[in-house]
Amino acid sequence: MELMAESTRYSIGVDLGGTNLRAAAITADGRELGKIGGFTNLKEGRDAVIEDMVRAIRSLRDQFGGEALAGVGVAVPGFIDIKKGLVVGSNNLPQFEGFPVRDDISARLGKPVILENDANAAAMGEKWLGAGRDVNDLVLLTLGTGIGGGIIMDGRILHGMVGMAGEFGHMTVFPDGNPCGCGNDGCLEKHASATAISAMARLLQLGENLSARKVFEIATGDGENAEKARHIFTSMGRALGIALANLINVFNAPLYLLSGGPLPAWELFAPAMLGEVERRSFTFRNARTRIEPAVLGNEAGLYGAACLPFLGPPEPAPAFF
Ligand SMILES: [Zn+2]
């Protein structure tokens with residue numbers, strides 16, 4: 001590793017997932033100085049996970065200098081109360097619900113900490129160092145167990161009133177579609193997530209618990225089920241296209257990014273997706289709009305978290321108060 005001047009400003013991003021805990025030190029101009037990865041030790045309880053997080057941050061800080069550290073950004077899966085810096089709800093990290101993650105870590109480190117939802121952080125990561133480097137506005141959809149994402153407008157994360165903006169998974173794409181746990185029918189994530197692909201494969205009797213990757217392999221193979229499997233991706237593409245057409249009509253962003261497990265099947269779902277977008281979005285037909293795969297993969301949330309301290313506080317108080 002090269003030696004660096006103490007004055008090189010950098011930040012530390014932490015990606016706290018349900019499975020993995022990772023931290024990275026990144027300079028203001030986007031150079032990765034160092035990275036630490038490990039498991040999220042949830043069995044030992046919340047305090048142990050916080051302790052692991054603080055240890056990783058301290059280790060990077062000791063390596064690259066406390067003076068030059070601009071701050072710490074922490075990305076977590078779940079709903080975040082941005083103003084209070086706490087996790088309001090999280091399926092992956094239930095022990096963190098209601099806990100003031102931001103202030104607790106900040107007090108231990110003596111540095112400002114910014115807490116952010118992981119999908120929002122991923123969108124910011126793509127904007128800072130990924131596929132969205134050349135734009136100021138983008139929308140990222142993450143296709144996983146569910147569908148989430150983030151909206152970047154004017155180079156900042158769009159949070160909405162309580163930080164719930166960007167819940168793309170629960171957009172209605174088929175009014176009488178599959179029932180969803182959120183109470184609605186026909187949610188995007190019931191028709192286009194990795195879980196939905198697996199569910200469709202089961203319905204079509206391709207097999208139980210097939211991953212999106214496996215369904216993709218069947219679709220591109222020469223077996224008897226190839227056509228059925230291809231149909232799954234067409235159906236998924238239609239659902240995605242309907243959702244994207246709505247998003248394009250609403251945001252008029254120049255770039256829409258997709259990430260997640262089903263992405264290798266791009267060639268299979270993209271034609272149906274783009275067909276729906278073309279048909280349903282006047283904006284798409286009239287403004288140069290790109291729909292592309294995201295490029296940072298698992299690093300997006302980590303990089304986005306590291307970007308946050310350089311952006312300053314998420315909601316600056318109005319000057320006239
Ligand atoms: Zn839903």
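Leaving aside neighbours within four places in sequence, K190 is in contact with G177, N178, C180 and A196. The model is a predicted one. K190 is placed in helix α4, which covers residues 189-192. Is K190 buried or exposed? K190 has 26 C-beta neighbours inside 10 Å, and the threshold for a buried residue is 20 or more, so K190 counts as buried.

**Helices α5 and α7**

A196, one of the contacts of K190, also takes part in the packing of helix α5 on helix α7. Helix α5 spans residues 194-203 and helix α7 spans residues 226-251; they pack at an angle of about 140°, with their axes 10 Å apart. The two helices are therefore oblique to each other. The crossing of α5 past α7 is right-handed. On the α5 side the contact is made by A196, I197, M200 and A201, which meet I232, S235 and M236 in α7. Of the residues in this contact, 6 are nonpolar and 1 is polar, with no charged residue.

**The sheet β10-β9-β8-β11-β12**

Helix α7 also lies across strands of a sheet, namely β8, β9, β11 (255-260) and β12, and runs at about 145° to β11. This sheet is open and has 5 strands in the order β10-β9-β8-β11-β12, with mixed pairing. Its edge strands are β10 and β12 (290-293), each of which pairs on one side only.

Which strand of this sheet is largely enclosed by the rest of the structure? In strand β9 (residues 147-153), 6 of the 7 residues are buried, so β9 is largely enclosed. On one side, β9 is joined to strand β8 (residues 138-143) by 6 bridges, and the two run antiparallel. The link from β8 to β9 is a hairpin through 3 residues. Within this pair, L140 stands opposite G150 in β9.

Strand β9 is also joined to strand β10 (residues 156-157), here by 2 bridges, and this pair is antiparallel. The hairpin formed by β9 and β10 has 2 residues between the strands, and D154 in its turn has a positive phi of about 55°. In a regular strand, side chains alternate between the two faces of the sheet.

**The sheet β3-β2-β1-β4-β7**

Another open sheet has 5 strands in the order β3-β2-β1-β4-β7, again with mixed pairing. Strands β3 (32-39) and β7 (113-117) are at the edges with a single partner strand each, so one side of each has no neighbour in the sheet. On average, neighbouring strands of this sheet are turned by 15° against each other, direction ignored.

Strand β1 (residues 10-16) is joined to strand β4 (residues 69-76) by 5 bridges, and the two run parallel. In this pair G13 stands opposite G73 in β4. Helix α10 (residues 299-311) packs on the sheet and touches β1, β2 (20-27), β4 and β7; the direction of α10 makes about 135° with that of β4. Helix α2 (residues 101-109) lies across β4 and β7, running at about 150° to β7.

**Helices α1 and α2**

Helix α2 packs with helix α1 (residues 46-64) at an angle of about 45°, and their axes are 11 Å apart. That angle makes α1 oblique to α2. Helix α1 passes α2 in a right-handed crossing. I50, M53, V54 and I57 in α1 meet D104, I105, R108 and L109 in α2. The residues of this contact divide into 6 nonpolar and 2 charged, with no polar residue.

| Helix pair | Angle | Distance between axes |
|---|---|---|
| α5 and α7 | about 140° | 10 Å |
| α1 and α2 | about 45° | 11 Å |

Notes: Residues numbered from 1 in each chain as written. Predicted model: local features only at pLDDT ≥ 70, side-chain atom pairs only at ≥ 80, totals over all residues. Buried ≥ 20, exposed ≤ 12 C-beta atoms within 10 Å, placed from the backbone. Helix = DSSP H or I, 4+ residues; strand = E, 2+ residues; numbered from the N terminus. Pairing = 2+ DSSP bridges. Axes fitted to C-alpha atoms, helices over the stretch in contact; angles between N-to-C directions. Parallel < 35°, antiparallel > 145°, perpendicular 65-115°, else oblique. Left-handed = near helix turned anticlockwise from the far one by under 90°. Contact = placed C-beta atoms within 7 Å. Nonpolar A, V, L, I, M, F, W, Y, C, P; charged D, E, K, R; others polar.
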